[in-house]
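Please study the sequence and the structure before reading each solution.

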Amino acid sequence: MKFTLSWLKDHLETDATLDQIVEKLTALGLEVEGVEDRSKELKPFRVAHVVSAEKHPDADKLRVLVVDTGTEKLQVVCGAPNARAGLKGVFAPEGAYIPGSDITLKKGVIRGVESNGMMCSERELKLSEEHNGIIELPEDAPVGVAYADYAGLGDPVIDISLTPDRADCAGVRGIARDLAAAGLGRLKPLAAEPVKGAFASPFGVTIEAPDACPMYVGRYFRGVKNGPSPKWLHDKLVAIGLRPISALVDITNFITFDLSRPLHAFDADKVKGGIVVRMAREGETLAALNGKEYALDPSMTVIADHERAEALGGIIGGEATGCTETTVNVFLEAAIFDTVRTAQTGRKLGIESDARYRLERGVDPAAVVSGMERATRLILEICGGEASDLVIAGEEPQWRRTLTLRPGRVAALGGVEVPRDEQTRILIDLGCEIVGEDVDGTLRVVPPSWRADIHGEADLVEEVLRIHGFDAIPATPLPRDSVLTRPALTTKQRRVGLTKRTLAVRGLSEAVTWSFMAGPVAELFGGVGEGLTLVNPISADLDVMRPSILGNLIQAAGRNADRGYADVGLFEVGPAFRKPSPDGQDLVAAGIRAGNAVPRHWAEKARGVDAYDAKADAMAALEAAGAPVTNLQVTTDAPGWYHPGRSGVLRLGPTVMARFGEIHPTVLGTLGVKGPVVGFEVFLDAIPLPKKKGGTARPLVQLSPFQPLERDFAFVVGKDVEADKLIRAAKGADKALVKDVTVFDVYQGANLEEGKKSVALSVTLQPTERTLTEPEIEAIGQKIVAAVAKATGGSLRT
């Protein structure tokens, strides 16, 4: 939200300096993003007069100008198509910095002709993107005067950042009201006397969709003259970055920023029959004022005449009924539109407009008529003509609500004592109405119509504290139970950091994606539970909470592949959602790999990623997070978004610790991503926290002075027997001596019975007390064979 200092003072009578105003705005929660004083940047530029313009002797498209700057006449070479004798424009002297071009002017010679300074376009002064010609000023522009002063650009421009709940401060008057309540001046009264209509409006208004538009106010103007805006209006709009178009359009833009009251003007001669507020029809289109054509659907509110849609309610007008210099009769609109529909339509069509910005946040429902009256006076004053009686359809929404405030709650909730009279004064200055007081001193308060964000006692307390000043809240140290400091991070928080670091070390890049995804994508990953569909999503394709992080990561990998980066590894640690409750979301470390696991290299054959890469990532993440990885079991019941034959689940008893595997080709095809892609999901909240144990400290690793030894075993088992069962059985044969068991070969084929396979294990024995004898080693081998046979039914291969 941008406004100038002088514009603010149209509503606020104050002696405060610019610095004081900026400081107070931030203290009030209206964060100042920047202050721009164009007078400093444009100080060297002057209004100048082109005395003569002759063709350049050595260039057809250049002119040699003689420019009167007010103090001297200089020769300037100019290539603008509108450069001509008699023109008044903006001159930049030698040494001036040109902000739009980022250059500093020097005296030069262009095609053999000396040039001193330049005549400037709007883009070179950062006034707009117009650069097809130099600026043309009116004939009465005073030569030699600083252009910033002449154009009204010497007025500092303040840019504030608004939170979505402060729609009232999307208008300059709302900002002035806050400053006045904070003691920085007095809010000037706003002239709102009604204008008596001179005739009955020839147009009627019908609302067919009252839920979408509860109130519509219109007024017909006849005999207006639409031309350039007066200087004061032109300068105000230019200062905040708006391009003046014509008086009628500029007035609607001015009221939008002045009072946060969007309006729209129709050329009445182009409207057929009258105004109808309805939902769009299937297949209907609108050619909008921004030069684009939009396909509409029945979820969108349109302002139509008796033949077609002429505007999108609360968002943008149509080109067919837009006002031009030839407009004589006007129909002016002021209305209230449903905030959710306005936001959804704007997002679906990708339209950003000043009207949408305000109406989707909720404008003052009691200011529809007063906004129309203020605009009426400006139109009659600037454009002339006559105004009709008001045409009002629908009714003002019910906004009055009575809240209670116990004055003691300000100290209880805010930690600062604010006198009762001061609390009352602040609320009244903000527009609240004190309608009564209970026996116990409780105040009954009616918030103003423009503050839809005030719903309860806590909101009233916040308003009192905000205006009184958050800086007045005393700093109170937190109680300390011990002189020793406590860890800043919990075990769970440290677990997240270790997991991220481990995955990054393994070559994965951390990604940060939305916690939302498109509904059709969510269905590929199990769908969402009831209550996880967003009512007001930030984008039409981010309409549900994500049930899995993998969908977002796979799409990110696809975007990388489209840009030539097919080999990619990504991970993210964040929430995945099962149901709308605190325990209905899981903290997940998820990752994907796509393309080649081993890049092209002369010494090594390229290999695509496979399920074992994802399993290794999952195991590394689990180990970093403190999971007992040696006790995990692998099962094959991975969910449907994994390949059924190339995936698995890591469990600790019945608890799922992680899932891994190759992503199902159908999922990849639906998302438009070329495979193979493998992924994993580690559920960090499912990992048990370490138990606190007493006793003396012991070394983390106990090294043995005795040489380890390896023995290989090959077992014949059923082809459906999982290798993990063999490994676990072998490890359990002698937990003191068996330190590691790995699979080094799997064979199916000749010399084996049908339905059988051979699994070869390498077993590492690590003695700790003495060197093992051959009989002892043989005995351990027999125990391993017996344990595997009991667990799997297999036999030692001979």
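**Exercise 1.** With which residue does Arg-166 form a salt bridge?

*Solution.* The model is predicted. Step 1: the partner of Arg-166 is Asp-178, and the closest N and O atoms of the two are 3.1 Å apart. Step 2: this pair links distant parts of the chain, since Arg-166 lies in the loop between strand 13 (157-161) and helix 5 (172-181), while Asp-178 lies in helix 5, 12 residues apart. Step 3: Arg-166 has 6% relative accessibility and therefore counts as buried. Asp-178, with a relative accessible area of 1%, is buried. Step 4: both residues belong to a network of salt bridges that also includes Asp-168, Arg-451, Asp-453, Glu-463 and Arg-466.

**Exercise 2.** Determine where Lys-783 and Asp-734 lie in the chain, and whether each is buried or partly exposed.

*Solution.* Step 1: Lys-783 and Asp-734 form a salt bridge, with their closest N and O atoms 3.4 Å apart. Step 2: Lys-783 is in helix 20 (residues 774-792), whereas Asp-734 is in the loop between helix 19 (723-733) and strand 42 (738-747). Step 3: Lys-783 has a relative accessible area of 41% and is partly exposed. Asp-734, at 15% relative accessibility, counts as buried because the cut-off is under 20%.

**Exercise 3.** Which side chain of opposite charge is nearest to Lys-88?

*Solution.* Step 1: Lys-88 is located in strand 7 (residues 88-92). Step 2: the nearest such side chain is Asp-140, 6.8 Å away. Step 3: a salt bridge requires a distance within 4 Å; Lys-88 is buried yet has none. Step 4: a polar atom of the Lys-88 side chain does lie 2.7 Å from the backbone oxygen of Glu-139.

Notes: Residues are numbered from 1 along each chain as its sequence is written. This is a predicted model: local features need pLDDT of at least 70, side-chain atom pairs count only at pLDDT 80 or more; totals for chains, interfaces and linings use all residues. Side-chain values use heavy atoms; hydrogens and water are left out. Helices (H or I, at least four residues) and strands (E, at least two) are DSSP runs, numbered from the N terminus. Buried means under 20% relative accessible area, exposed over 50%, partly exposed in between (1.4 Å probe, protein chains only). Lys and Arg count as positive and Asp and Glu as negative; His and the chain ends are not counted. A polar contact is a pair of N or O atoms within 3.5 Å; within protein, one must be able to donate a hydrogen and the other to accept it, and residues adjacent in sequence count only if both atoms are side-chain atoms.
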